[in-house]
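Please prepare a short briefing on the packing of this chain, with the cut-offs stated.

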Amino acid sequence: MAADSEPESEVFEITDFTTASEWERFISKIEEVLNDWKLIGISSGKPLEKGVYTTGAWEEKSDEISFADFKFSITHHYLVQEPSDKDGKEELVEDALPLPMQDLLCMNNDFPPRAHCLVRWYGLREFVVIAPAANNDAVLSESKCNLLLSSISIALGNTGCQVPLFVQIHHKWRRMYVGECQGPGVRTDFEMVHLRKVPNQYTHLSGLLDIFKSKIGCPLTPLPPVSMAIRLTYVLQDWQQYFWPQQPPDIDALVGGEVGGLEFGKLPFGACEDPISELHLATTWPHLTEGIIVDNDVYSDLDPIQAPQWSVRVRKADNPQCLLGDFLTEFFKLCRRKESTDEILGRSAFEEEGKEVADITHALSKLTEPAPVPIHKLSVTNMVHSAKKKIRKHRGVDESPLNNEVLNTILLFLFPDAADKLADGFESRTSTSAGNNPPTENEDYNLFSQFKSAPSDSLTYKLALCLCMINFYHGGVKGVAHLWQEFVLEMRYRWENNYLIPGLANGPPDLRCCLLHQKLQMLNCCIERKKARDEGKRGSVSDRSPGGTSGDTGKGADHSGDNPDKEKEVGKSWESWSDSEEEFFECLSDTEDLKGNGQENGKKGGAKEGNKEPVNLKPEGRLHPHGKLTLLHPGEPLYIPITQEPAPMTEDLLEEQSEVLAKLGTSAEGAHLRARMQSACLLSDMESFKAANPGCCLEDFVRWYSPRDYIEEEVVDEKGNIVIKGELSARMKIPSNMWVEAWETAKPVPARRQKRLFDDTREAEKVLHYLAVQKPADLARHLLPCIIHAAVLKVKEEEALEDISSVKKIIKQIISHSSKVLRFPNPEDKKLEEIIAQIMSVEAIIARARSLKAKFGVEKCENEEEKEDLQRFVNCLLEQPEVSVIGAGRGPAGSIIHKLFVNAQRVSAVPPLDEELRRSGSSEERRLNMGAVSDFPPPTGREVILRTTVPRPAPYSKPLPQRMYSVLTKEDFRLAGAFSADTTFF
């Protein structure tokens, strides 16, 4: 059995030679991709219009194929065109050439400014490229190149695809391609030569014609004429005659006036270097026939001035240094700093060693004693003096990052009211300066609400600009920390001395602004309340007449008569008065306090009898009669009471409060407690109402406070008369309703003697502490929206002078992007960087526009028509890759460009005359000397396209298109040829 099984096992060792090899699989994959992309069969399309390669849209599709384990990417590049109509299909005759071969001869799109290199070299509208997938891979050996060429040739033959197929060989930076295109009975081979050193015979037209003709090898004796398109490119790098208009900032300039042409509160703008590095002039001869011009090693007819077409492109400087961009970038870097102000400046200047213990004993008396406020002479020197003393204790005078001159200038800019040394005129001005509300219909002014920054005339906005400038010019982060320290000391000084902060709108914190601005507004509210209270106390001593003051002070002044009989009653009946830890509104005097207490004692019994208050109490805290309403039961006029203002809130306090309320949960007890916490203001208003309207009831209060909750209807009484009867709404009648509970617990206490809803002392201290602990990084985060806001306004202002449509669109995008990013707290750094990059790009575009305007003398042009043409030309240069010059060298723009080159040539070094004469022997030297004295330098690039239609390879073959493109630069020489041959008659 074993012997029998041996021969059977040998049968399975037969090799199957019909299995596909790796090469065959590779070809099959190429065919598969061509089929998938529907590139099989006859290609049809309309003749190409002029300039369509630049204006049209190019698209590409990619796939990956592999030869064994070597991966290739295959990419289809094509110009998007409208599908051809039926007439086009009828025109397709048997002998029609494939579309790519027709494109080789098309002259409408020579030298496109922005296109794939194969489009520029061969004029193709559609092609497929196979290239190594990895960037560092390359097909270097000749055998591999030939193998790939064979592969695409077989694939094209098998599929009948008429789209040219290219293979990228050698290293990718060399951009070397070989390829093939097949049609019925015709084939075009795409070949290429790439050299570093240029052979002398190919530096001119006659040498290129020789190589073209020899390559075609046309057997006909009178060779058909060769058509030529020539482009010479000249580069202008020297702008000697036009200095760059933007002067670099002079940091040593006097800060009192300007800092490098820059005032405090204004952002700089413009490039420090010329943002246009080069101007490229392309002079083109689009249609020339062989023999019309001479261009050889001795003589050339190619004079740029005589060229029928001129086009210009500008090369922009890579990331030009721009002032606004630098300011923004440096300020943004602050956001990443970790140090605190104390770490940067040494020991905290907010504390004083000697006085710390001594001051703590007087802290309570300082807060509670209604002592008159001493008015100091207010000046910048006084303001800074105490702060300086504190700072000097911990570091030397010379170590201060900001010198006195800079600091005083900034403080005067931030606090213009401090310039007046007399306090008399000062107080009247601070109230107006604190509430200067500009017109709100201005779109630019209202940007702050989109960016969550601060109004452009506010203190916060000015502070942001000053810190930005100090960070850039005066000591970086140390200077920022120093100014912030001085700013916080100034805030405390103003709080303690009742000076309102200028540059902030009146009223509660504006939640549309940044948190820092809200905090400063909150501090201003505290100062305003404290100032009103202190003035009220001073007024009560000197003037006891009723209605002497208004507003907050009126709460304490609206009192009628004295009652000496009640002075002996000293029992304090209201709970709020017995709580010594809390702060309250002060009374007008001690006698007033005692009288008020006596009244309260009298009210204790009456309050419990019913909903109504006893009428025998004296009314207190009346503002004015309502006018229409009267009390339901006594029938007396209803008086509107003086009430406490609700406590202003910043967004962090609101958030904190909402968190506390949310933590109370959804239980009945939690809901009840939440309602009580939210009804503190309601209770205060009820107490004020009861004090102003003795004998009132809840219905009276509801009629004034919430009229919708009092429903009136007409009813007929017993006598048949129609009377109006009113009652509380359904929600007011709900058992254990908060309004009813609050009314029952409310006592008739005027606003001036109630517990304060808004404890300005505590809130001010909280704000001052919040400001004091801010690190420079926190500060930068708070103020970055203001800086971006200022930068956008600056860019808009500068753009208005230039009127560039593309910039207008980008500015709209920046505003839209910024408003989305800055609206939320703690935006991502990456998104902020994107906004700053967009602003920098706009600044660079405007700087380029100004540079080009200066160079082309747009402003100096007297002829209005020419001026408009030049302006249009400059705008096109900014937005388009290449702009054709109307009138070539003879038009207004052309003559200016000519002058630019002439002046640059004059500036360049010219050899002495005798040396020139000595060297003018040989023809080559003569030619060089001609170039030296000409208006233009030697061309930087020479491009030539040669075309013809000849039968190839035999005289009886079909006439087919032949094309060769040549480009010659200083260190690069390339020939790209497309040579067609008849595969039927050869």
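A residue is called buried under 20% relative accessible area, exposed over 50% and partly exposed in between, with a 1.4 Å probe and protein chains only. The model is predicted: local features need pLDDT of at least 70, side-chain atom pairs count only at pLDDT 80 or more, and totals for chains, interfaces and linings use all residues. Residues are numbered from 1 along each chain as its sequence is written, and side-chain values use heavy atoms, with hydrogens and water left out.

**Overall**

- The chain has 986 residues, of which 46% count as buried.
- Its secondary structure comes to 35 helices and 17 strands; these are DSSP runs numbered from the N terminus, with helices being H or I of at least four residues and strands E of at least two.
- Among contacts (heavy atoms within 4.5 Å) with a separation of 6 or more, 76% join residues 24 or more positions apart.

**Aromatic pairs**

- Rings of Phe, Tyr and Trp (its six-membered ring) pair if their centres lie within 6.5 Å; planes under 30 degrees apart count as stacked, over 60 as edge-to-face and the rest as tilted.
- The whole structure holds 29 aromatic pairs. In one of them, W484 and F487 have ring centres 5.4 Å apart and planes at 15°, so they are stacked.
- Both W484 and F487 belong to helix 18 (residues 476-496), where three residues, about one turn of the helix, separate them. W484 is buried at a relative accessible area of 2%, and F487 is buried at 0%.
- The pair F701 and W704 is edge-to-face, because the ring centres are 5.9 Å apart and the planes stand at 70°. These two are also three residues apart, about one turn, in helix 26 (residues 698-705), and both are buried.
- F701 and W704 belong to one aromatic cluster with F689, Y705, W739 and W743.

**Charges over rings**

- A charge sits over a ring if NZ of Lys or CZ of Arg is within 6 Å of the ring centre and within 35 degrees of the ring normal.
- K519 lies over the face of Y770, 4.6 Å from the ring centre.
- R703 has its charged end over the ring of Y710, at 5.8 Å from the centre.

**Nonpolar cores**

- A nonpolar core is a set of buried Ala, Val, Leu, Ile, Met, Phe, Trp, Tyr and Cys residues joined through side-chain atoms within 4.5 Å.
- The largest has 140 residues, and M491, I839, F856, I897 and L946 have the most contacts inside it. Helix 29 (residues 776-802) gives the most to this core, with twelve residues.
- Beyond its neighbours within four places in sequence, I839 contacts L324, L328, I788, A791, V792, V795 and I814.

- Ten of the 13 residues of helix 25 are buried; among them are L682, M686 and F689.
- The buried residues of helix 25 pack against strand 10 (622-630), strand 11 (637-641), helix 26 and helix 27 (738-745).
- Q521, in helix 19 (residues 515-542), counts as buried at 3% relative accessibility.
- Not counting residues up to four places away in sequence, Q521 touches L504, A505, P508, P509 and D510.
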